[in-house]
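Work through the exercises below with the coordinates open. Try each task before reading its solution.

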Amino acid sequence: MTSRPPAYTTPASLSRSKTSRDDIQSLAEELLRSSMTRGVSSATSSSTNPPSYRSTSSREHSTHPASSASHLGFGGPADPPMSSHRKSPLVSRPPVVGSGSSLGVTSLTREQLRNAKIGPDGLPRLTESRPATTQASSSGTASSTLSSGLSAAEAKHRVRQLQREMDRASADAPRLATTGLFKKACSTDLLFLVDTTGSMGSYIEAAKDQIRSIVKDIKDAFLNKAEVRVAVVGYKDHGDSPNIQFLDFTSSAERVRSFLDELIATGGDDCPEDILGGIRQAINASWKQQSRCLVHIADAPPHGRTLHDLSEYQDNYINPGSEPHKLLYEPLLKQLVQLNINYALLRINSYTNRMAFAFSSIYAEASADINLLPANQYKGKLDEVRAKASQGLRGATSSRHTASAALQFEELELGTTYSALRHLVVKTVTGSASRTASRLTSSLSRGGKTSAMDKKLPSHLGAIVEDEDSGGGSVDVLLETVQPQWDTPGWLDETLKVEGFCPDMVVHSGDTLNDMMASDENIKLGVAELTIYARSKPFAQGALRVASYARTACSSNRFVAKTFKEGGKGMAHLAEDMRAQALCKAFALEFNALLGDDRLIDFDFIVTTCLQGKAGTESRDRGISLEPFIEGEYVKYNSNSGYVRDDPDDQFNQAAQAFSHFTFERTWGSFMVTDLQGVGHQLTDPAIQTKDSDRFKLSDANLGESGFMFFFATHECNSFCRKLELKSNKTMMASGRYEFRERWPSLESTVCCSNKLCRKIIRLTSAHKSDEFPGHHWCDGCWPQLNSSKIDWICHGPGPTHEFDVSKFFYESQGQAPAHRCPEHRERDTTISTSSVVGGGLYSKMKSANQKKSIVGRSW
């Protein structure tokens, strides 16, 4: 039987009398007034002259924002300081209700609200204004206003607007076509090019015995999702018959073994062999798969004086091109390059050293990654060829190029035994597949071109430029090649008045990471308004953006400002990149804490701030990404397509691989952070792979579950993985049945630097704190600037004229304009609750009092 809903009854505490309605209406109006005013201000104070900077004997002051840059010792537009004790009025603008501007009234009346105009940000502005007065700077321009920054309500309004823009951009963005990407990239054509003359018998037998294991290992490495085809070219010398023996590509390991049974190690006249004839046959094989690899096993060089160091009596065809087939090595190697064939020479002795140098030089001209053994005497000469081919801004190269090069030529030591054959072949094939994946994923991007930045940037500056896919029609711009002149006044010759967003994370508690993983909106953003001084000429460029040296008006910190070329991405894309870096930083905080006090392994990700020019400025439509400038040797540790830095002795490298694994384990297979790269412990431009295709959808580097597979295809667990008790592995990825670590220790709160443009991870024990700025923590670089940037400011409050100290760096670090009133007369922002001001309210205190001892991995 269906029951009827209960009848509505008026609560006993409410009365329907006229008196009660009037009381409620009065209360509502009072709440409205309190939410839209910043406090009480004196009518008399509004008629007095506004404040100005004042010079004193202890400090140097300036009325122009750029001058504060000069007194900090870096190059902004230089202006002479104001004369001592001169007061100049400020420009007045219509005050924003709730903005913190002095209104000159005790509260807003209904009449004032009705007369208020609604501004473009949706907030009411009073139509009445006070007489305009100007603060004279040395250049005669107006430079300041009465506004002391956005209110909390206005800041939240802007963040909500950005979130709506991001939601629209994400809804409009097509998903990357990653279905089948892993199989396509990892399916491999593997061709063995083998010398079959008399000295090679043991190696032919080794290949025969190991071919089944080699094919199985390759398939296992690719999670049994890839097709592997094998071909064989056997070559002897011109006087032998048959000279060339060939098996075209087949997926049957048994057919390959049977063909190897037919190869008899005989023949050979002089020392060199017909390698060029073998390469020609290899070129004519039926290459099909995207990943292509040629493994050359040889103990003798080709004919021709340019390919060996033998005497003319040891080579019957000493002159290049004099062999019966008239072949030359350069055209043949260029055909291999055009076919995207990776070349691996398994070196047995030094006779092949010069051949390796000559062949690899052709690959170097195609910007391939080259690796010759240290024992090869031509390695130094090759370094000169490679540097010339991939010359950067100042003639240096970076490991970014090593990771992103589409092709590879490598010389590996097989030695006089064949025990390493299986391992070297599998290593070669997996490396080849990683490069193929990088090439394929670049074509998946919504732009479609790979980055040119690798060739434009020296290794010691590599970290300021991300691996970015391009939009079509990229145009190179003229780059400046001089060293940055940070301390030369006026060298940073472009002034940008900007506003935008920055990560709003300081304290990291036990639930912070879970909250951030649960929703992008939990990756909090703050609002920033800044003045940036940048170099007008960029020093580096990618397919989409150019990078310029920069600094902010009130800090000595060095930055890089990246701006889009024509038709670049908008604020939504910049903001998503910013949130991705913030989430990576949260992962790093937990990872560092789990590893304990080993400071040699501490990870950190630099933060980015996404900005655009203020309304009415020439840079309004320019999307700007501001990030710390980090100088040093650039290193890439892994990529989103399976690249892994091969340096097992580097503990930080091993920890980096474990970090990517940790992010997958910690999130129960929902996220993974890859593309780890940077300078020292400062990492930049990571990529987040997500199981949910709607998370970080605007990123071209998010390959989804294909990104997980690429990682596990090449990852080998190390001591850090074992210390963290990580359980997931390649076998689980192949089967789809996972086991993860169930519980993680609940960590004590850790902090980031309170400078929103810095946000370095700092340990509580080493963080700098001050009673003057309660609740803030500062890193070693930002801490001294709090005092060095202090100036004397005349308070704009009621009563006699008086001064107070203002740390311009502090307000800039919070993305705010400096306060115009001393602490005693400062107006409280009534649009933010008292509980938030004092530290989060009762709920937060209860949470901290009952902190969990451990976190369940799946709980987020």
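**Exercise 1: The chain as a whole**

Task: find what share of the contacts between residues at least 6 apart in sequence joins residues at least 24 apart.

Solution. Count a contact when heavy atoms lie within 4.5 Å. Of the contacts in the chain between residues at least 6 apart in sequence, 74% join residues at least 24 apart. The model is predicted: local features need pLDDT of at least 70, side-chain atom pairs count only at pLDDT 80 or more, and totals for chains, interfaces and linings use all residues. Residues are numbered from 1 along each chain as its sequence is written, and side-chain values use heavy atoms, with hydrogens and water left out.

Next, take burial. Buried means under 20% relative accessible area, exposed over 50%, and partly exposed in between (1.4 Å probe, protein chains only). By this rule 54% of the 860 residues are buried. Then assign secondary structure from DSSP runs, numbered from the N terminus: helices (H or I) need at least four residues, strands (E) at least two. The chain has 23 helices and 29 strands.

**Exercise 2: Helix H16**

Finish with the two ends. At the start of H16, a side-chain oxygen of Asp650 comes within 3.0 Å of the backbone nitrogen of Phe652. Just after H16, Trp668 has a positive phi of about 55°.

**Exercise 3: Strand E10 and its partners**

Task: which strands pair with E10, and over how many bridges?

Solution. Two strands pair if DSSP finds at least two bridges between them. E10 and E12 (residues 525-534) are antiparallel over 10 bridges. Within E12, Val527 stands opposite Phe501. E10 also runs antiparallel to E17 (residues 609-613), joined by four bridges. There, Leu611 of E17 stands opposite Gly500. Seven of the 10 residues of E10 (residues 494-503) are buried, so E10 is largely enclosed by the rest of the structure.

**Exercise 4: The largest nonpolar core**

Task: how many residues does the largest nonpolar core have, and which have the most contacts inside it?

Solution. Start from buried Ala, Val, Leu, Ile, Met, Phe, Trp, Tyr and Cys residues, and join them through side-chain atoms within 4.5 Å. The largest such core has 54 residues. Phe192, Phe222, Ile297, Leu346 and Val425 have the most contacts inside it. Elements that each supply at least two core residues include H5 (181-186), E3 (188-195), H6 (201-221) and H13 (421-444).

Zoom in on Phe222. Leaving out residues up to four places away in sequence, Phe222 touches Phe182, Cys186, Thr188, Val429, Thr430, Ala433 and Ala713.

**Exercise 5: Two single residues**

Task: is Ser706 buried or exposed? Is Asp487 buried or exposed?

Solution. Ser706 sits in H17. Its relative accessibility is 7%, so Ser706 is buried. Beyond neighbours within four places in sequence, Ser706 contacts Thr178, Leu181 and Phe182.

Asp487 lies in the loop between H13 and E10. Its relative accessibility is 51%, so Asp487 is exposed.

Definitions and conventions
A polar contact is a pair of N or O atoms within 3.5 Å; within protein, one must be able to donate a hydrogen and the other to accept it, and residues adjacent in sequence count only if both atoms are side-chain atoms.
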